[in-house]
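Here is a short report on the barrel and the ligand site. Please view the structure first.

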Amino acid sequence: MSEVTFPEGFLWGGALAANQSEGSYLADGKGLTTVDMLPHGPHRLPVKLGLEKRVTLRDDEYYPSHDAIDFYRRYKDDIALMAEMGFTVFRTSIAWSRIYPNGDELAPNPAGIAFYRSLFEECRKYGIAPLVTLSHFDVPMHLVTEYGSWRNRKLVTFFARYARTCFEAFDGLVKYWLTFNEINILLHSPFSGAGLVFEPGENPEQVKYQAAHHELVASALATKIAHEVNPQNQVGCMLAGGNFYPWSCKPEDVWAALEKDRENLFFIDVQARGAYPSYAARLFREKGIEIAWQDGDAETLRHTVDFVSFSYYASRCASADMNERNSSAANVVKSLTNPHVERSAWGWGIDPLGLRITMNMMYDRYQKPLFLVENGLGARDEVDANGEIHDDYRISYLQQHIRAMGDAIADGIPVIGYTTWGCIDLVAASTGEMSKRYGFVYVDRDDKGNGTLERIRKKSFWWYKKVIASNGRDLSMD
Ligand code: BG6
């Protein structure tokens with residue numbers, strides 16, 4: 001195998017999200033947020049999809065986000081572990097409802113600002129650059145109950161205020177920003193993605209695309225504000241990535257895959273190119289959608305992002321005959337099961353070459369630097385009799401994907417950095433499980449919330465430390 005070469009200054013690190021790690025869900029004035037309403041168990045999916053309305057918590061359910069892995073109180077120790085691995089970048093999100101507990105206040109919550117300031121200062125202490133997502137599956141519940149969340153234009157104003165507050169409060173501490181995590185997931189998981197719950201008689205497509213329009217305007221506005229506050233700020237959009245492969249070379253299958261890709265890339269087309277793509281008009285016509293625009297929206301959308309970030313877990317597959325019965329939703333986006341790729345214990349495809357394909361497609365399309373901000377293997381880990389975790393399967397997954405990313409760099413693509421998902425074990429977004437683990441660091445906690453929360457370095461911890469120290473040259477297992 002050829003050696004992969006990463007550019008000098010390439011950022012290496014890992015990623016968390018506030019809602020999956022912090023816990024302390026009502027501490028220091030934080031308001032309830034959408035993810036706080038997601039129970040573990042059979043109701044999780046219908047609530048996530050916006051099919052079951054949940055505006056109050058129930059006594060008979062367990063909500064994993066409420067305590068999560070207690071990052072809110074343990075962040076200093078956790079950042080120290082990341083520094084020990086040699087991280088130069090650490091991705092997390094700000095919980096909107098810590099800064100604006102209801103979302104529509106005029107003044108922010110000082111305790112929320114103090115928490116994130118302290119977290120980012122801790123990163124600076126170790127020379128770690130924070131990469132901060134403003135909205136990672138996380139809308140203050142008050143905005144859901146009072147305004148209907150992103151279907152309401154007012155959210156644009158609230159979000160712009162929140163974004164400005166963050167850019168100003170953390171100026172000099174944070175340079176890399178993402179506006180909306182996996183913005184395309186709004187289409188596939190409307191409540192967890194964007195706080196949307198559908199009312200009887202509504203056209204869900206209309207609601208989703210109107211909400212999308214609002215998020216796209218809000219994202220462009222935030223990008224503009226970030227640049228005004230500090231021209232050094234670098235703002236990215238964020239796609240739940242993974243190209244669709246055609247099931248066969250039948251032209252109808254190729255067309256189906258192209259259409260499926262467009263569904264997701266629609267968002268990035270706007271954020272990276274500054275206007276709605278030409279195919280959108282037909283899409284809206286066919287789905288009976290009419291987007292309400294306001295004066296100035298087209299101009300606002302011209303504020304494009306500085307880089308394109310994305311998550312990559314697996315490629316996808318589509319055919320002209322795809323339907324509810326023959327497709328499944330690994331990582332929420334529906335796909336046919338590709339028989340040519342391996343699968344994880346949760347049925348997610350494992351396709352490193354798909355990463356290179358996805359990166360090439362994205363760079364061909366956007367001509368902006370890429371940033372791979374989520375990638376990893378969700379797996380069950382066992383602590384052995386010596387208290388050790390030998391997660392060779394995770395090392396193998398990451399090794400193959402880092403190699404594929406290196407190949408994409410050799411293809412000529414500028415890539416800013418790489419943050420693996422869930423560098424410390426955290427709550428799985430899809431299932432609410434703790435047992436679906438991604439981390440280099442094990443957290444002693446189970447699916448029901450039992451455990452000491454002790455942190456244990458896994459075998460992959462030492463491996464990734466070596467990868468970073470060699471700037472990706474040494475990917476060997478031992
Ligand atoms: C991405 C999300 O979709 O995938 C993360 O941005 C999520 O929040 C990750 O955790 C992995 O998914 P899961 O369901 O295994 O946690």
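## Barrel and ligand site

Eight strands close into a barrel, in the order β1-β2-β3-β4-β5-β7-β11-β12, with parallel pairing. From one strand to the next, the twist averages 25°. The model is predicted: local features need pLDDT of at least 70, side-chain atom pairs count only at pLDDT 80 or more, and totals for chains, interfaces and linings use all residues. Residues are numbered from 1 along each chain as its sequence is written, and side-chain values use heavy atoms, leaving out hydrogens and water.

Helices (H or I, at least four residues) and strands (E, at least two) are DSSP runs, numbered from the N terminus. Two strands pair if DSSP finds at least two bridges between them. Strands β1 (residues 11-15) and β2 (residues 89-93) run parallel and are joined by three bridges. Opposite glycine 14 stands phenylalanine 90 in β2.

The ligand is surrounded by 15 residues (a heavy atom within 4 Å). The closest are Glu182, Ala429, Ser430, Lys436 and Tyr438. The shell divides into seven nonpolar, five polar and three charged residues. Here Ala, Val, Leu, Ile, Met, Phe, Trp, Tyr, Cys and Pro count as nonpolar, Asp, Glu, Lys and Arg as charged, and the others, Gly among them, as polar.

| Residue | Distance |
|---|---|
| glutamate 374 | 2.7 Å |
| serine 430 | 2.4 Å |
| tyrosine 438 | 2.5 Å |

Taken alone, the ligand exposes 380 Å² (Shrake-Rupley method, 1.4 Å probe). The protein buries 98% of that.

Conventions
Axes fitted to C-alpha atoms, helices over the stretch in contact; angles between N-to-C directions. Polar contact = N/O pair within 3.5 Å; in protein donor to acceptor, adjacent residues only side chain to side chain.
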